Amino acid sequence: MDFSVVNQALSSKSFHKMADICDALMLQSAAEGVPFRHEWPFVLHLLAHIYVDDVNSARFLWKSIPATIKESQPELVAAWKIGQKLWTRDYAGVYEAIRGFDWTQQTQLLVAAFSELYTTRMFALLQSAYSTISIQDAAQFLGMNEEDATNYVLQQGWTVDPTSRMLTVTKQAIVKEQKLDPGKLQRLTEYVFHLEH
Amino acid sequence: MEGLVTQIQGLSGTASDVLSLQNLLKQADDSLHAESTRLPPFLDQLDPSKHSLGYLYFLEACTAGPVTQEQASSFVLTIARFISSCVAEQIRLAPDKFISVCKRFKDQVLLLEEPLRGVAPMLTAIRKLQLSSEHLTALHPEFLLLCLLSKCYKTALSILDEDIFEVDQPRDLFLYCYYGGMISIGQKQFRKALELLHNVVTAPMSTVNAIAVEAFKKYILVSLIHHGQFPTNLPKYASSGAQRNLKTLCQPYVELASSYSNGKIADLETYVEANKDKFESDNNLGLVKQAVSSMYKRNIQRLTQTYLTLSLQDIANRVQLNSPKEAEMHVLQMIKDGEIYATINQKDGMVRFLEDPEQYKTCEMIERIGSSIQRLMTVSKKLNVMDELMSCDPLYLAKAGRERQRFDFDDFDNVPPRYNI
């Protein structure tokens, strides 16, 4: 089977496109009646869904994989463990699942990229949801030890109180575009015309 | 037979030739069906990408009879290839035959227990049969069914995102919206699921049908999950049959909804446990459980209406969670999903509830409002066109004429008291 499209996406680091590429290729192969399942890169497919935070599709893909394949590919089971932790919202558990397996070279690319993305997402979540948080919890959410976690957040502008082991969140002000351009005037004219008739 | 093949090969070039070919094929249809077992070798002499109409007639006759397991696999492949290479303009001349072939394709794919094989071809078939993306065909529900069975929910969403304005057969709409509702539920898109299920339960129906009953059950549950409440009555535009009968036919669900509205999670869980078998036999137990866990969210949301700040311990007590840590995790999840605006202060163990920070001043928001207005304007124009068409419809005028007495004299001045055609 020709997986060049998938490999290309992987080597060009277009990880966010991989889920759609894999889905389309799978449907195409199935339509041709080719028995593709024993060759199919389910690990990459699963991780591709996880990368774009589509845990639902990852779950459905897992359910559709035959049991024999699940049993013969421990890497696949390990990849699903990440999905499971995301599904049950075991935020710290995700990191354990990422680190708990010796991934093959190809898979490692995708897993490492996801790990970085996930940490960034977790940090954004902490920033939006907390005003103060313990160093211990922050470390769990970010998948780092307490010292690294503290340094990471200090670099992002947070402050630390060493005695109480508490971090204070500093939100970055996000400036959103507010200027209007004249093209909108045409649209407003259309609305008024529509309302008048 | 050979003569027919030659004619197909000769007359598939131009549009007018194809129309004459169609007449010949219609006349030959009965004999094709009579000799269906002899036909498969002739298919090889025809090119589906050039002789689509002729190929379709032959294919439809071939597949009309019972199909064995061995034949199923080769037929599935033949039909899939036909669908991908046929010419849309030609097959649209014989839509019923095309639909029959595709439905048999679906049946055979299911016989082989390989629903995934049918997904891509069925999608292609829809695109070729449709006159526009607003047109609902008989193949839409078949496609959604294949997606459901093969768990390709994401692929189904691309079709569900399209607005439908034209429907061939009412039954297609019922099934399409019901399956669509199930797929949206699977992807946790509850707003869309609610919209689709709403269409099923409020669609015109002279008698309540089984699809509407099952849809109503899910409708209640999704309503609880998405809105935290269930309206006790269907809107006035729902059919009278639906308004009278649906609730009685879905009694356990209606009672679940009223237990939910009392806000006590322990009572709700007891009710669910007691009626577990009924929910399970309807395949709705998972959805019921989602409804139950949505209650925590509802109760926390209610707190924001009364309090500016609250301790995590207080939240845990009021919402009947086991610990402040659990409360913290619930609030965190709700912040992540955008269901609440709040910040957690671990140092003091408090949560501060905030106002929606959206000021509606950004360019992004203006784009969103702008595109919503555009959509509304399009719908409004379409409604005007439909209104005009209906005002000229004889059946409508007859009914309006008959019921004239009920309305104001001025409204129907132009309609004679008895309107006979």
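Me: How much area is buried between chain B and chain A?
Reply: In this predicted model, about 3600 Å² is buried between chain B and chain A, and carbon and sulfur atoms give 59% of that area. Buried area is the accessible area (1.4 Å probe) that two parts lose on being put together, summed over both.

Me: Which residues in chain B lose the most area to chain A?
Reply: Leu116(B), Lys154(B) and Gln346(B) lose the most, together 16% of what that side buries.

Me: And how many residues does the contact take from each chain?
Reply: There are 42 residues from chain B and 43 residues from chain A in the contact, where contact means heavy atoms within 4.5 Å.

Me: What should I know about the numbering and the model?
Reply: Residues are numbered from 1 along each chain as its sequence is written, and chains are lettered from A and ligands numbered from 1 in the order in which they are written. Because the model is predicted, local features need pLDDT of at least 70, side-chain atom pairs count only at pLDDT 80 or more, and totals for chains, interfaces and linings use all residues, while side-chain values use heavy atoms, with hydrogens and water left out.

Me: New topic: how many cavities of 30 Å³ or more are there?
Reply: The count comes to two. On a 1 Å grid over the protein atoms alone, a cavity is a set of points where a 1.4 Å probe fits but cannot get out, whereas a pocket is an open set with protein on both sides within 12 Å along at least five of seven lines; lining residues have an atom within 4 Å of a point. Grid points are joined across faces, edges and corners, and a volume is the space filled by probe spheres set on the points.

Me: What lies around the largest cavity?
Reply: The largest cavity holds about 170 Å³ of space. Of its 16 lining residues, Asp23(A), Met26(A), His49(A), Lys151(B) and Cys152(B) are the closest to its centre. The largest share of the lining, four residues, comes from H4(A); helices (H or I, at least four residues) and strands (E, at least two) are DSSP runs, numbered from the N terminus.

Me: Which residues line the second largest cavity?
Reply: Met26(A), Arg37(A), Phe42(A), Ser64(A), Ile65(A) and Leu116(B) line the second largest cavity, which has about 40 Å³ of space.

Me: And the largest pocket, what is its volume?
Reply: The largest pocket has about 1500 Å³ of space. Of the 40 residues that line this pocket, the closest to its centre are Arg89(A), Lys188(B), Gln333(B), Asp337(B) and Glu339(B). H18(B) gives the largest share of the lining, seven residues.

Me: What about the second largest pocket?
Reply: The second largest pocket has a volume of about 1000 Å³. Its lining has 28 residues, and Ile164(B), Phe165(B), Leu173(B), Glu195(B) and Asn199(B) are the closest to its centre. H21(B) gives the largest share, seven residues.

Me: How many disulfides are there over all chains?
Reply: The count is zero, a disulfide being a pair of cysteine sulfur atoms within 2.5 Å.

Me: Is Cys62(B) buried or exposed?
Reply: Cys62(B) is buried, with a relative accessible area of 11%; buried means under 20% relative accessible area, exposed over 50%, partly exposed in between (1.4 Å probe, protein chains only).
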